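Thanks for coming, everyone. I'll walk you through one model today, a few residues at a time. Please have a look at it first.

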2 protein chains.
Amino acid sequence: MEYSLGIDIGGTKIAAGIMNREGSVLIKKTFSTPKDKKDAIVQLLENIIFSLSETAKMEGKKLVGIGIGTAGQIDFEKGKVLSGTANIKDWNDVPLRDILSKKTDLPIFIENDVNVLALAEQQLGVGRNVENLICLALGTGVGGGVITGGHLLRGAWGGGAELGHITVDMNGPLCNCGFQGCVETYSSGTGIARMMREEIKSYPESEGNSELLYYQKHPEEVTSRLVFELMSAGNVVAEKVVNTAINALSFAIVSMIHTFNPSLIILGGGVLHEGEWFIQKVRKRVGELGIRSLVDPVEIKGTQLGNDAGLIGAAIQPWVYGVDVGVK
Amino acid sequence: MEYSLGIDIGGTKIAAGIMNREGSVLIKKTFSTPKDKKDAIVQLLENIIFSLSETAKMEGKKLVGIGIGTAGQIDFEKGKVLSGTANIKDWNDVPLRDILSKKTDLPIFIENDVNVLALAEQQLGVGRNVENLICLALGTGVGGGVITGGHLLRGAWGGGAELGHITVDMNGPLCNCGFQGCVETYSSGTGIARMMREEIKSYPESEGNSELLYYQKHPEEVTSRLVFELMSAGNVVAEKVVNTAINALSFAIVSMIHTFNPSLIILGGGVLHEGEWFIQKVRKRVGELGIRSLVDPVEIKGTQLGNDAGLIGAAIQPWVYGVDVGVK
């Protein structure tokens, strides 16, 4: 049997493991993401590759390749981290494959983290055998991965599928990406918290909801988690904010359906941990909008692979792309 | 030398011709599009195929296949017109390849008209050798065609790239597609005329522009052509409308750039006949928006192939897709 070495680089932690083609993770280790400089991350990756390769050798497991998933804009062909993310410090302009190839003879594949999620779900999860699907990860931001005609969408240099940054309102709030009214400004965790802060800013004291008046004075304590909790407790301001997030997301999804004619939309990320009701509301709103022939057949589902999806998607790359595709 | 028989089915006319691989149209004929029923269109297509095949035979030109481009949603794999367009009456649910295959032994390829435009420009026009491009046709509506990773984007059943129906304002005007704030409602010829009608509806009589007061009473005479003329003559209301069209189009284009990471945006269609200044304004506005690493490298250009682009794109299909791809 063949095995792959996968590494999932996130803002908080780096997960690494050895996996077979069916997605069974045999060995898994997690590390804190170094917070200072890219050199420290690269050093950690080299150590991980060395140590897991040794482990595989000792246990007689044949490795076919190394697959890495990381936040940021990745040039897949060149195996390079182009521009990173606010969540990983100094993580840009890193010729990662060139560097790591000096330490291993295995072929190395490097891909964006949400692309890798889409790949995992399409290969082993809810999107099995689906040739046209869109994966949206709603967390701090909104990330996207698209499989169209059976292929991962990358674009000219791997920067495609920035689906959090399609606009739903050209008069909407400025996004930190430089655009306006991006779906991320409404439907990410950050967006939900932002909208709540704005709602309570103008909340009249006379209304007398002591909780809202408290957060009016402590806006920095408002998180999306809190908004969902307040909503569950019947708070109408929080409910309005969540409905706006769901409405904006639904508009973005319908634009994506018109663009890609997919069979499946997969929703994941921290915001989705709120539960199935969130997906149901999105499904309902999407069903009210757009071109019937395109929208009606589309299924909207949650991710299936859970916490290991990123690692699984990273590790599966050597099989999906063929071992001979790698530069080394 | 090999030749292809191309047919371009539009709302007003059907163009047909014989072309070589380099895009030289040797013979070209045009016909009025039958206005009554699909049977009449199919009959005309059968006649065209018979007569042009005979012509080719007599002139000793070897035909390798037939390529058809038509408005509407097309199932490319099945060679079927699924749902048509308001511009061609009764043009839906037509198993066109099955029908036409009874009359010819040549392989037949059927594709959406704007997809075919994108193909023509990528094969022989301004997008030569570009693997990631988006083609937008701004006419009565806004049509889209996308080439990503060297492949035409089709989606699950060929309904992809409905780029006129991505939203730029979730609170915007209802679109006849069932969605809201579609870029088509602002930046198509119809959209420009609609916005002008709304602007002059509330135009105060006291302002005393006699032309606007005339069209206030005759809104049915307002066309996009007129809006552009009024703008050229210095009318500020018309200028405002055109600027809104350009702004909405620019927002949609930036969403598309974030989605597809293309190298090139190709603009065509009747609205573009206004001239290079229109493209320049779009270029400028797009350059002010979005993610720099994605937006800055993108070129925005007009179509190169002119009036025959649809016919050329239709006819080129047998070579692009390989003769053995066709069902027959």
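Let's start at a single spot. Asn261(B) is buried, because its relative accessible area is 0%, and buried means under 20%. Keep in mind that this is a predicted model. Where does Asn261(B) sit in chain B? Asn261(B) lies in the loop between helix H8 (236-260) and strand E11 (264-268). Its backbone deserves a look too. Phi of Asn261(B) is near 45°, which is a positive value in a residue other than glycine.

Find Ala161(B) in the loop that runs between strand E10 (151-152) and helix H4 (184-187) of chain B. Is Ala161(B) buried or exposed? Ala161(B) is buried, with a relative accessible area of 3%.

Stay in chain B, but move to a helix. Tyr215(B) belongs to helix H6, residues 210-217. Its relative accessibility is 13%, so Tyr215(B) counts as buried. Which residues does Tyr215(B) contact, leaving aside neighbours within four places in sequence? They are Ile200(B), Glu221(B), Val222(B) and Leu226(B). Tyr215(B) and Arg197(B) are 18 residues apart in sequence, and their C-alpha atoms are 8.0 Å apart in space.

Now the core. The largest nonpolar core has 124 residues. Which residues have the most contacts inside it? Leu136(A), Met196(A), Leu136(B) and Met196(B) do. As background, nonpolar side chains tend to be buried together in soluble globular proteins.

Take Leu136(A) from that list. Not counting residues up to four places away in sequence, Leu136(A) touches a set of residues including Leu163(A), Leu249(A), Ile253(A), Met256(A) and Ile266(A). Val142(A) and Gly268(A) are also among the residues it touches. Let's visit those two.

Gly268(A) is in strand E11, residues 264-268 of chain A. At 2% relative accessibility, Gly268(A) counts as buried. Beyond four places in sequence, Gly268(A) touches Leu136(A), Ala137(A), Leu138(A) and Thr303(A). How far apart are the C-alpha atoms of Gly268(A) and Ala137(A)? They are separated by 4.6 Å, although the residues are 131 apart along the chain.

Next, Val142(A). Val142(A) is in strand E9, residues 142-148 of chain A. Val142(A) is buried too, at 4% relative accessibility. Among its contacts beyond four places in sequence are Leu136(A), Gly164(A) and Glu184(A). Trp319(A) gives another distance. Val142(A) and Trp319(A) are 177 residues apart in sequence, and 28 Å apart in space, C-alpha to C-alpha.

Time to zoom out to chain A as a whole. Its secondary structure comes to 11 helices and 12 strands. Along its principal axes, the C-alpha trace spans about 70 × 45 × 35 Å. Buried residues make up 59% of chain A. Of the contacts with a separation of 6 or more, 61% join residues 24 or more positions apart.

Last, the surface and the charges. Chain A exposes about 13200 Å², and carbon and sulfur atoms supply 49% of that. There are 31 positive and 37 negative side chains in chain A. The centres of the two sets lie 3 Å apart. Over to you for discussion.

Technical notes:
Residues numbered from 1 in each chain as written. Chains lettered and ligands numbered in written order. Predicted model: local features only at pLDDT ≥ 70, side-chain atom pairs only at ≥ 80, totals over all residues. Heavy atoms only, no water. Core = buried A, V, L, I, M, F, W, Y, C linked by side-chain atoms within 4.5 Å. Buried < 20%, exposed > 50% of the residue type's maximum accessible area, 1.4 Å probe, protein only. Contact = heavy atoms within 4.5 Å. Helix = DSSP H or I, 4+ residues; strand = E, 2+ residues; numbered from the N terminus. Areas by Shrake-Rupley, 256 points an atom, 1.4 Å probe, with all protein chains shown as cover. Lys, Arg positive; Asp, Glu negative; His and termini not counted. Charge placed at Lys NZ, Arg CZ, Asp CG, Glu CD.
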